[in-house]
Amino acid sequence: MTMHRLLEDFAQENALRDVNPGVKILLGLASILLCISSPGPVTPLFIAVSLSAATVGLARIPPRFYARLLLVPASFAVMSIAVILFLTGGGAVLVSIPLPIFTLTVTTGGANLAFLLVARVLGGMCSLFFISLTTPMTDIFTIMQRLRFPTVFIDLAMLIYRFIFVVIDEAGQIYRSQRMRLGYGTFSESIRSFGMLAGALFLRTWESGEHLVRAMDARCYDGRFGLPDEAPPVSPTWALGVVLYLGLVAGISWTTATITLC
Amino acid sequence: MEGILEIQNARYRYPHGPEALRGVSIRIVQGSKVALVGPNGAGKSTLFQLFNGMIRPDAGTVSFGGAPIEYTARALRDLRRRVGLVFQNPDVQIIAPTVYQDVAFGPVNLGLARDAIDRAVRDALSAVGLAGYEKRPPHHLSGGEKKRVAIAGILAMEPDVLVFDEPTSSLDPASSEEIMELLDELATDGRTIIISTHDVELAYRWADHVILMEQGMVLARGSPEEVFADHALLRAARLKPPRILDLYHELVARGIVEDRTPPRSVLAFTDCIEQHLHGSSLRTAREAAGTVYICNVDAVDGDAVRRLITERPIGHTGAMGTRAKEFANRELILLDFTYGVIDKCILKSLIGESSLILSSGGMIDHTHRRIAEYSAESGRALIAVTVPEPMPPGSAGRLPGYL
């Protein structure tokens, strides 16, 4: 096993595993669309809060892990929003910072736009995390198969998915055996060790490819890879809940369109 | 006896490599349990690839079911369906993202209909004790579980011959025993099973027929007792004789036991010594034998089993099969035996102690059969009781295996 738990590991064990994946994906994707299309910041904020609550409360994803996960896009958002805050004009001046050559000003227009963007980023990320933490890739393959995605595409995706974990394991083993023999001690040693890791990994990947062909031949491969797994049925409660939720969000979006930060 | 797989004088050299097979001739009888024993690099894995046409010998012939193999795409596909090869490393063999999809890989490629595929996958998974694992991704499974998935993937194609390359390598002792028990179970359905191993203890205990290989050649073939008795031969093949057989020969040499068929298990060995001590009429040897209680975990709950253990004079509890072990784990029932359970319970029963075997499905009948066989052979009537009393036919609907 690898040392770090991946998003996928949480998704495989989340408490909403038995909810129909189509319903969950519909909820996540529709929420993203509502986030982007909403003119005011209230709707995306509402989506961020409610879907976070669902992820932590219903899917039982550990809150600390979820918070750390959100920190990554949040820090990106804050950096880019700082630029927008100062560069977008319009409306009354809120703050002005005189600098030797020019003056930085924040206007109401800039503040409103920046806040709306932060809200959308948060709402969108929470929707995405809801999908990725409640719906494992294996369920997403099933959905893609049912939606008649091209077989070649799905077969490749499935093989890649299977072998990502094999490669992670292999890389971890090589890395640990390098560390045991004092690789990565100094900077130059790190560079050398990393090069060796990449080389060894390439060779092993090549070998795995050959093994794969033999394994598939030994099992009568005839150009067909997989079948859709059986998806859990759509429960009426969930279907109704998702429709009501999306209706509520659309309603909020409609009524709060004009509400801005200042 | 009918030979199902036959190789005559096969030679094979890897491209730019040494000659891996240097004139190998073997004949595998239908329905037998064959162990191919030899040190690393003896050519066992190469020979296995001849069995299902993965490689073509440079010289010599390979026949299946009496006819030489044809190396056309169609014929090879048919051959590979009938000769299932389970690789040594399950990570190499498992290719799909979920257990269900991996086991379904063979049946899908054979062009079966959806419900036939579902049935094949369900049967194969329950045969290896992994019912309920359908949606798991392989990287969340233990080594023993991965091995079982790999076996199920081959079983789903319903092959006549099952070939296992080092079935117990890199498994812990309990998992190894479980896999070997599974192989025994598969063999009872009339399948031919071939394994390769360098574990002589395992081969001695398990196989009907042993083929000893070294440096691409067959050194000896025959019953395990014959092949493993020749110490010079074993030394040449860089192997050790099995402990039980070694001990038996030493005891015979000192005149402590009589020279007959060498015993293969601890049970047979103790019987052999006892027979010598107390003469051939074992019936009178001891006080009353203990009872073996056999309990179907699909039909009871934890409280019933605990009640059983306290109410009856049960001294030892064992579990056979994944389902029974999971049950014991869940219900916090302490297990004394987790492998070789039947033999161990018979041993206890012979010294007057009663024991309980937790089991499920077809293994219940197998246990009864094995105890009855032992009773008939040894002349000691052992009592095996199914608890609780089986339900009358009709009401005995199959309970869901996974709760």
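Mentor: Two strands count as paired if DSSP finds at least two bridges between them, and the strands (E, at least two residues) and helices (H or I, at least four residues) are themselves DSSP runs, numbered from the N terminus. This is a predicted model, in which local features need pLDDT of at least 70 and side-chain atom pairs count only at pLDDT 80 or more, while totals for chains, interfaces and linings use all residues. Residues are numbered from 1 along each chain as its sequence is written, and chains are lettered from A and ligands numbered from 1 in the order in which they are written.

Trainee: How many bridges join strand β1 of chain B to β2(B)?

Mentor: Eight bridges join β1(B), residues 3-13, to β2(B), and the two strands run antiparallel. Within this pair, B:Ala10 stands opposite B:Val24, and B:Tyr12 faces B:Leu21. The two strands make a hairpin with five residues between them, and in its turn B:His16 has a positive phi of about 55 degrees.

Trainee: In what order do the strands of the open sheet follow one another?

Mentor: The order in chain B is β2-β1-β4-β5, four strands with antiparallel pairing. At the edges stand β2 (19-29) and β5 (67-68) of chain B, each with a single partner strand, so one side of each has no neighbour in the sheet.

Trainee: Which residues of helix α1(B) are buried?

Mentor: The general idea is a count: a residue is buried if 20 or more other C-beta atoms, placed from the backbone, lie within 10 Å of its own, exposed if 12 or fewer do, and partly exposed in between. In α1(B), the buried residues are B:Lys44, B:Thr46, B:Leu47, B:Phe48, B:Leu50 and B:Phe51. Because six of the eight residues of this helix (44-51) are buried, it is largely enclosed by the rest of the structure. Just after the helix, B:Gly53 takes a positive phi of about 70 degrees.

Trainee: What covers the buried residues of α6(A)?

Mentor: The buried residues of α6(A) are found at A:Met137, A:Thr138, A:Asp139, A:Phe141 and A:Thr142, and what covers them includes α1 (7-13), α2 (21-37) and α7 of chain A.

Trainee: Where does A:Arg148 lie, and is it buried or exposed?

Mentor: Most residues other than glycine have a negative phi. A:Arg148, however, has a positive phi near 60 degrees and lies in the loop between α6 (137-146) and α7 (151-180) of chain A. A:Arg148 is exposed, with 8 other C-beta atoms within 10 Å. In chain B, B:Leu332 also has a positive phi, of about 55 degrees, although it is not a glycine; its place is the loop between α14 (322-330) and α15 (341-350) of chain B, and B:Leu332 is exposed, with 8 other C-beta atoms within 10 Å.

Trainee: How many residues has the largest nonpolar core?

Mentor: A nonpolar core is a set of buried Ala, Val, Leu, Ile, Met, Phe, Trp, Tyr and Cys residues joined through C-beta atoms within 7 Å. The largest has 90 residues, and those with the most contacts inside it are B:Val103, B:Ala124, B:Ala152 and B:Val163. Apart from it lies another core of 32 residues, including A:Ala11 and A:Met125.

Trainee: Which elements give two or more residues to the side of chain B that touches chain A?

Mentor: Two residues are in contact if their C-beta atoms, placed from the backbone, lie within 7 Å, and by that rule the contact takes 29 residues from chain B and 25 residues from chain A. The elements you ask about are α2 (73-82), α3 (90-93) and α4 (99-109) of chain B, with α4(B) giving the most, seven residues.

Trainee: Into which domains is chain B divided?

Mentor: The bounds come from an automatic or database domain assignment, which gives chain B domain 1 (3-243), domain 2 (252-283) and domain 3 (288-387). The centres of domain 2 and domain 3 of chain B, taken over C-alpha atoms, are separated by 26 Å, and their contact takes seven residues from domain 2 and six residues from domain 3. Chain A is assigned domain 1 (7-135 + 233-255) and domain 2 (149-218), whose C-alpha centres lie 35 Å apart.
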